[in-house]
Amino acid sequence: MMDKETKAAAAAVGSKPRRWVIAGLATAAVAAAGATLSWHDGAQAHGPMMGHGFGFGGGPIDPAAMGKRIDGMVQWMLADIDATDDQRTRIATILKGAANDLAPLRAQHMQAHRTAMQVLAAPTIDRAQMESIRVQQLQLADTATRRMTQALADAAEVLNSDQRAKLIAKWQQHRGHGRGGQS
């Protein structure tokens with residue numbers, strides 16, 4: 001039987017619990033990775049989640065700093081859901097592994113961005129080369145989202161169903177902040 005708090009969290013979840021767990025963990029993973037695949041060098045202009053707020057911008061990512069940020073995000077994400085130290089450690093390890101796997105993709109993306117800028121600055125635009133860059137970027141994004149989805153599912157499996165329900169309720173409350181409750 002579920003207690004009152006668990007029932008309330010389950011009711012808040014609605015019919016889409018997996019989506020909300022993945023969305024919450026995805027936000028943590030993206031933030032923890034420092035927007036590993038930020039879509040342009042000027043990402044700092046788009047707010048703290050996309051660059052300067054996490055100290056990564058367009059430069060190299062410091063693995064130690066990223067690890068500390070992931071640890072902080074995991075602590076925040078799992079606060080108030082009765083996660084054990086072992087669960088926190090396991091989830092942080094999963095997210096750090098994903099961030100490390102995504103780092104080379106970020107370098108590839110940044111190189112493609114530089115190439116695209118060179119193509120656009122040329123006297124004649126090479127549309128075939130631009131299309132090739134676009135296709136490469138889509139492949140990078142597919143690889144990155146596939147790896148993130150794997151990490152998110154792995155991290156979600158570390159938690160039990162009550163913890164996931166609490167995480168979902170926390171995420172829904174966070175997402176509704178300042179938007180009239182809409183996510």
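Arginine 90 counts as partly exposed, at 41% relative accessibility. Here buried means under 20% relative accessible area, exposed over 50%, and partly exposed in between (1.4 Å probe, protein chains only). Aspartate 86 is also partly exposed, at 47%. The two side chains meet in a salt bridge of 3.7 Å, N to O. A salt bridge is a side-chain nitrogen of Lys or Arg within 4 Å of a carboxyl oxygen of Asp or Glu. Because aspartate 86 and arginine 90 are four residues apart in helix 4, about one helical turn separates them.

The model is predicted: local features need pLDDT of at least 70, side-chain atom pairs count only at pLDDT 80 or more, and totals for chains, interfaces and linings use all residues. Residues are numbered from 1 along each chain as its sequence is written, and side-chain values use heavy atoms, with hydrogens and water left out.

The chain holds six helices and zero strands. Helices (H or I, at least four residues) and strands (E, at least two) are DSSP runs, numbered from the N terminus. Of the 183 residues in the chain, 40% are buried. The chain exposes about 10400 Å², and carbon and sulfur atoms supply 56% of this area. Accessible areas come from the Shrake-Rupley method with a 1.4 Å probe; for residues, only the protein chains shown count as cover. Contact means heavy atoms within 4.5 Å. Among contacts between residues at least 6 apart in sequence, 69% join residues at least 24 apart.

Helix 3 covers residues 63–78. Its buried residues are Ala65, Met66, Gly67, Ile70, Met73, Val74, Met77 and Leu78. Just after helix 3, aspartate 80 takes a positive phi of about 70°.

The largest nonpolar core has 16 residues. Such a core is a set of buried Ala, Val, Leu, Ile, Met, Phe, Trp, Tyr and Cys residues joined through side-chain atoms within 4.5 Å. Ile70, Val74, Met77, Leu78, Ile81, Ile91 and Leu159 touch the most other members. Helix 3, helix 4 (85–121) and helix 5 (127–158) each give two or more residues to this core. Helix 3 gives the most, with five. Beyond its neighbours within four places in sequence, isoleucine 91 is in contact with Val74, Met77, Leu78, Ala155, Val158 and Leu159. A second, separate core of five residues includes Leu102, Leu105, Leu140 and Met148.

Glutamine 87 lies in helix 4 and has a relative accessible area of 9%. Glutamine 163 is found in helix 6 (residues 161–176) and counts as buried at 6%. Leaving out residues up to four places away in sequence, glutamine 87 touches Asp82, Val158, Leu159, Asn160 and Gln163.

Six salt bridges are found in the whole structure. Aspartate 82 pairs with lysine 166, the closest N and O atoms being 2.5 Å apart. This pair links distant parts of the chain, 84 residues apart: aspartate 82 sits in the loop between helix 3 and helix 4, and lysine 166 in helix 6. Aspartate 82 is exposed, at 56%, whereas lysine 166 counts as buried, at 19%. Aspartate 71 forms a salt bridge with lysine 96, with closest N and O atoms 2.9 Å apart. Aspartate 71 in helix 3 and lysine 96 in helix 4 are 25 residues apart.

Note on methods
The expected span of a helix is 1.5 Å times one less than its number of residues.
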